[in-house]
Amino acid sequence: MSDTHASHEWKSPEQRRGEVPAASLNEFQNPARLEEPSDSARRDFLKIMGAGAAAVGFAGCARPVEKIVPEVNRPEQFTPGSKVWYASACQGCADACGIVVKTIDARPLKLEGRKASLVGRGGLCSRAQAATYDLYDPERLQRPLVAGEAVSLKAFDETLLVELRQARSVRWLRGAYPSEVKRRSVEAFLATFQDGRETVWDPIAPDAALKVQELLHGSRILPRIRLDRADRILDLGSDFLNLYWGRLDLARDLSHRRDLDAFPEPPRLTSVEGLLSHTGTNADDRIQVRQSQVADVGFAVASEVAGIVGDSDPRIRSALAPYSIGKVSAATGIAPEVLKALAVDLAKHRGKAVALGAPTVRAQLAAGILNILLGAEGTVLDGTVSPSYQFETGTEDIAALVADLDSGKVDILFVDGVNPAYGLPESAGFAKAAAKAKLVVSLALHKDETAELARMVLPTTHWLEDWNAAEPQKGVHQLAQPTISPLYKEVRSSTDSLLAWTRVLGKPTPWNAATAHDAVQGHWADVQSGAAVAGTFEAFWEDSLRHGGHVSHALRVAREGAPAPRPLSGADLVQAAGPLSPPPEGIELAPYWPAGIREGAQANNPHIMELPDPVTKQVWGNAVLVGPARAALLGVKTEDLVHVKAQGSEFDLVALVVPGQHKDVVGVALGYGRTAKLRLLDGNPELPVWTRLAYADDGKGSGTKTPAVGVDVLRISKTETVTPLAAEVSRTGRDGRLSATQLQQDIANQAKPGDGEWRQIAIQVNWEEYEKDRKVGTPEEESKLFTVWGDPVYKSPQQWGMAIDMNRCNGCSACVVGCSVENNVPMVGFEEVRRGREMHWLRIDRYFHGELEEPQVTHQIMVCQQCDNAPCETVCPVLATTHSDDGLNQMTYNRCIGTRYCANNCPYKVRRFNWTNNWKAQGMFDLYEKTDDGRTPNAPLAMAFNPEVTVRSRGVMEKCTFCVQRVQNARYESKELGLEKVPDGEIQTACQQSCPAEAIVFGDIKDPTTKVSRLIRSERGYKVLDWLQVKPNVTYLPRVRHTADRKAVSAAVAAKKQHEDGAHEAPGAEP
Amino acid sequence: MSTPETLRQRRPLVTGGKTVHDVSLDVCAPAERWGSRGYWLGFSTSQTALFIYLCAWLLVQTIGLKLVGINNRMDWGSFIVNFVFWVGIGHAGTLISAILFLFRQNWRTSINRAAEAMTVFAVSCAGVFPMLHTGRPWLAILFVFPYPNFRGPLWTNFRSPLEWDVFAVSTYATVSVLFWYMGMIPDLATLRDRAKHPIRKYLYGLFSMGWRGSMRHWVHYETAYMIFAALATPLVLSVHTIVSFDFAVSILPGWHTTIFPPYFVAGAIFSGFAMVVTLLVPARKLFHLEDYITIDHLEVMNKIILLTGSLVGFSYITEFFIAVYSGAPFEKFAFLNRAFGPFGWAYWIMMSCNLITPQFFWFKKIRRSIPLMFLLSIFVNIGMWFERYVIVVTLTRAFVMPQWGTYVMTFWDAVILLGSFGQFMTLFLLFCRVLPVCNMSEIKAFHPDTLRQIRESHDHE
């Protein structure tokens, strides 16, 4: 230290010369050191002491030993914390929409629709949005099971091969997914057996539509529906926004046509239905009829249309003969004028009208005949150029499989990714038949109901870990690539398994592939040659990976053109249509597939379980939906427990009164009431996570808790699951419990119908009025009022705003899940939602307009309005919520003390408070929490968190931020490119991105040329509660309803009332 | 001091032929003898309630506010109701000791001590709620005070009524405590002089700050008392005004009204006097102070209850009328909803307890009937709790209908509400046993014997 001679630097000439500086100048000289008795310096002593103390402390910790191998060299193309996007295809359902997957640090975190994809076209449904929570579900099977024992993959294969070598008759049951790779892999595998057969089955598959397409046109091909070309849409109980093939495209096309700035007139959607379906809430006009009579109405309209357009095809005429308007009107109680007016209107728009039917054969046939008569074939419907390949299944097939199994001759049944033990009605007898097979092998993600039946269970990869390829529409090739390597070692994708087993059995695999990756490449080479794409395969492959698939240019052009109409085949329509049945009596129970949970596969996903139903807003279970008239007759109200008897089976379930539902129809959602031992389903107490979510109290404070999973109606349905059943419904006199995000307003609190109109919050107007005055219904501008607040001054060159077109939004709720996944919004469970503590940052408010019996529904997306004069900001005592320079109302979570005054003072009620440590209560942080047998059951859950967004703790207020992380990222990127402003469209909020209907537009409102600015200037634009002078920055465009002729409708209502008055004495009417 | 002539015609403030010496004996008695069985019963009950209260808070703070009934539709609930209720109760003491002092209302002398003690304890009960109702009290206690720091612009928000509350309530608490303590010094000295046990002697001696009762001491004392009274007087009006701003400064229909400050102050005095009656009726019995807190005292307080109750009732009607008459649809809805909506029952409890109950005090017989006034004062307490409840549950039906909700108090809400009475009663009963319940020195000053002496000395001159 004092060796100044050796130093290269010098402080002074004296030092340079080697003179020892004066002691007084050496200010850091430490005399204590000279007196140190030992060699060990004082600091060293302290260090050792400290280290020793720390070592003693650490020795007491039970922290597991982790071996971390640091990456010495950064892997190529990998920057920790940066986002990498992969183009892929969704495998959540047979629609096979194009997606892009955001990964950070090699974790897929957010799925978004791929704009360029011809299927999905940039939107994505709620189910796919929630898929990452399936991937990281801690209850995924992690090791193969043989007779309940966990074994290694190798041992599993060895055991299975013994069985395979002896097997003669093998059945392979898989879900409907239009994958050539899967199809051929199964084919090659089954070819190794004497009697191998494949069955494709999907609980929501449009089997009836396939059957009717075959009947009418001779081939089992579903047409591609180009709804943007339809001026008139007749929905015969189809709930097409929810159940049809390519439903996101239908939503997008409908919404596109409802863009009032782009088209002179919006299309008119008429719904004929008994329940108030998700599609029905979007209808311009609704005709209520028993669900079982929907087809009769369709036939009646068709017969009238046939008369008007003068169709002379004798097959159609004879099929429609029993269905004159007079007879059907007498049977259904619908005024004949209404049906006549409907038929006239449809016929007037021949070539631009389409009918979509319920998933029953007769309804589909009615729709099919109407489409022929209305000339939809070849215009709206494309059955030749690029029709849908999305489904290739049939209920007959599964019935045949069950019969096969029942005969006892099947040796091995493979169940690949579907759950027939739950998804098939009990009458189908799957469980009993499967027990007769020598061996049932389940390839499943979870230990679901079917896996519980199976002796051997092979855990499969989640589809985000898989290679696959799909052709959802003819010529539209989607390529699905893995975005993460499988989370567990002992799992394997079913395609990989198929190929491996085929090879071990010594048979050729398709494309000689050893793995799914090879097979997909092999298939892709076929695609290349089929589409005659020049260039090397590598180049084509790379290009396809980058774009998520391939569509030839020629096909793109052809898809826009007019496809050839398909001719009518010679089948017997009369038999299929059948005679007009006499008016049924009593109540009918209509099971339906709900929008969120659908067939129930994602029942272990809290984002899906807590997604409010678009119509009922119910979460965590199902209910008996009762119309107001029937509820009055039965003497039940919402939350009463009712007793339902149907098909010789009975159950008790809570009632929910839904306005606008037919008097004689009660609905129950399918997809609930699963019995698998999964934590969200029965709240398995051994598993700490989520259990608190899925439990419901008994409401009496007794402390008993029951799983809140609803009732499984499938066990009483018929094979055609949505067929209405004759049922008896009665009051039990007991109280039930249900959880919903929006009940208080219309039922529990008994708001009067007029309560909402003067509020001018969700505005809807009629097209006729709107045509005359574009500003009709919107509140007057209040900006002339005196205000103590000045105009806001923002330093930033940009200010963010949003426009929400309620005419485009259909309430599908994809944005709700998209927002929650992006922003780490916790789900809180049955009881907490029931107490009004749901955390969704974005909600969709449902408004009823008009009468209780004939309501019209408006969906209003409600996010933080980012007010310029935000009332939340002034009342916060600690400045935890403030305004940014670019006009955002921002939350500082660290600063928040949780007085909750901001939430009280928010007129839009968009603020959400963490009443407890929501994520912790769900085990989301339990990365290291081990069970007694050394597992870490909750470990992967934390991987689902978006690292770009703070995870909020207890006692903190939170709310929509306009996805500030996305705004900031876009600003950085623009800055890097040397741009002063973020270009319009560069920032998409999570809700905007996920919206299949493009109802949400976000952007800079300072720049008058942006899309959002144009919408804000729209004549019909208004701001919610503008008169409060809080200056919200979200503009709403009202719902414009293209209602039919009012006179006819009111006549119909009168007629219906009369009919009902006459029918009051009907049996079953007494409570 | 007021002229004795005006008091000649009035009924004596001390009855039962008690001498000046008896005042010391009777008032000091509770502090100098072992508590009665009734006392210990009450005290142990209160302490149990206090213990449960502390446990409930511990639990709520450990698990989170999900244990209580508030939700995202209605972010404030029983805690805020309790806060405003207790702050309101805390108004009577200061009013009696400060404002009535300035107005020379001599009857205040025998009740002012107890009323002030009640104020201090009520404010301490109230102070718990705004802190612990926050999501993160451990940060709230740090962040709400504008102490100098280096965090740049990150300071408290002086625009927030909650911040005003911090100052208003903490100032009020400080002034009340000081005023109460200062007024007690001569009496503490009396206790010191009478004490036999050395520890008692030491403690009373410590707190009586060397009071010797010299003329100089009295001059200083009276000046200081006057100054404190003058300081406390505006606080009586300002605290509840600012508490009312918690609601009035918001933009919610039903909260955003200019009538709130006067109406809150009137309500606070109303509830405070009712609570004084509720407490003193049993206390005078328990500690044998009937001759000092006479029926005349109670009657005067009942008159004030009648006055303030009528003011409050008038405010209710005015508020309702203005809302319905204004033509502002949301305002009109909020008030009609209060009366006829799902929480209409609470509104009618409030109306009947606060508007009708005090009207009984028009009758002298009822004003002077101990059991009836006790019953009616309980009704007033209930009514005033419900007044705040009615105001807070307005939140359940604000602007956006789909976010309308409901409010159901949970078990823990109830435990904490009742537990806060445990805190209050524990403190009050403790006070009764260790401190002079009545202001001995002032009672002596207005004792008939003293007055006679003064009169005689005047006559001599």
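The legends below describe several close-up views of a predicted model.

Residues are numbered from 1 along each chain as its sequence is written, while chains are lettered from A and ligands numbered from 1 in the order in which they are written. Since the model is predicted, local features need pLDDT of at least 70 and side-chain atom pairs count only at pLDDT 80 or more, whereas totals for chains, interfaces and linings use all residues.

**View 1. The contact between chain A and chain B.** This contact takes 48 residues from chain A and 40 residues from chain B, where two residues are in contact if their C-beta atoms, placed from the backbone, lie within 7 Å. On the side of chain B that touches chain A, the elements giving two or more residues are helix H7 (137–143) and helix H8 (161–194) of chain B; helices (H or I, at least four residues) and strands (E, at least two) are DSSP runs, numbered from the N terminus. By class, this side of chain B has 22 nonpolar, 12 polar and 6 charged residues, with Ala, Val, Leu, Ile, Met, Phe, Trp, Tyr, Cys and Pro counted as nonpolar, Asp, Glu, Lys and Arg as charged, and the others, Gly among them, as polar.

**View 2. Domains 1 and 2 of chain A.** Chain A is divided into domain 1 (83–135), domain 2 (225–381) and domain 3 (586–747), with bounds that come from an automatic or database domain assignment. The C-alpha centres of domain 1 and domain 2 of chain A lie 33 Å apart, and 7 residues of domain 1 of chain A are in contact with 7 residues of domain 2 of chain A. On the domain 1 side of this contact, the residues divide into 3 nonpolar, 2 polar and 2 charged.

**View 3. An open sheet in chain A.** The 7 strands of this sheet have the order E5-E4-E16-E15-E14-E6-E7 (chain A), with mixed pairing; two strands pair if DSSP finds at least two bridges between them. At the edges are strand E5 (149–150) and strand E7 (195–200) of chain A, each of which pairs on one side only. Strand E15 (residues 439–444) and strand E16 (residues 456–459) of chain A pair in the parallel sense over 4 bridges, and Leu443(A) has Leu458(A) in E16(A) as its bridge partner.

**View 4. Helices H11 and H16 of chain B.** Helix H11 (residues 260–286) and helix H16 (residues 370–393) of chain B pack at an angle of about 140°, with their axes 8 Å apart; axes are lines fitted to C-alpha atoms, for helices over the stretch in contact, and angles run from 0 to 180 degrees between N-to-C directions. That makes H11(B) oblique to H16(B), because angles under 35 degrees count as roughly parallel, over 145 as roughly antiparallel, 65 to 115 as roughly perpendicular and the rest as oblique. By class, their contact has 11 nonpolar, 5 polar and 1 charged residues; Phe270(B) and Ala274(B) are among the residues on the H11(B) side, and Phe374(B) and Glu387(B) are among those on the H16(B) side.

**View 5. A barrel in chain A.** Here 6 strands close into a barrel in the order E20-E25-E22-E24-E23-E28 (chain A), and the pairing is mixed. Neighbouring strands of this sheet are turned by 45° against each other on average, direction ignored. Strand E20 (residues 587–592) and strand E28 (residues 725–735) of chain A pair in the antiparallel sense over 3 bridges, and the bridge partner of Glu588(A) in E28(A) is Ala726(A).
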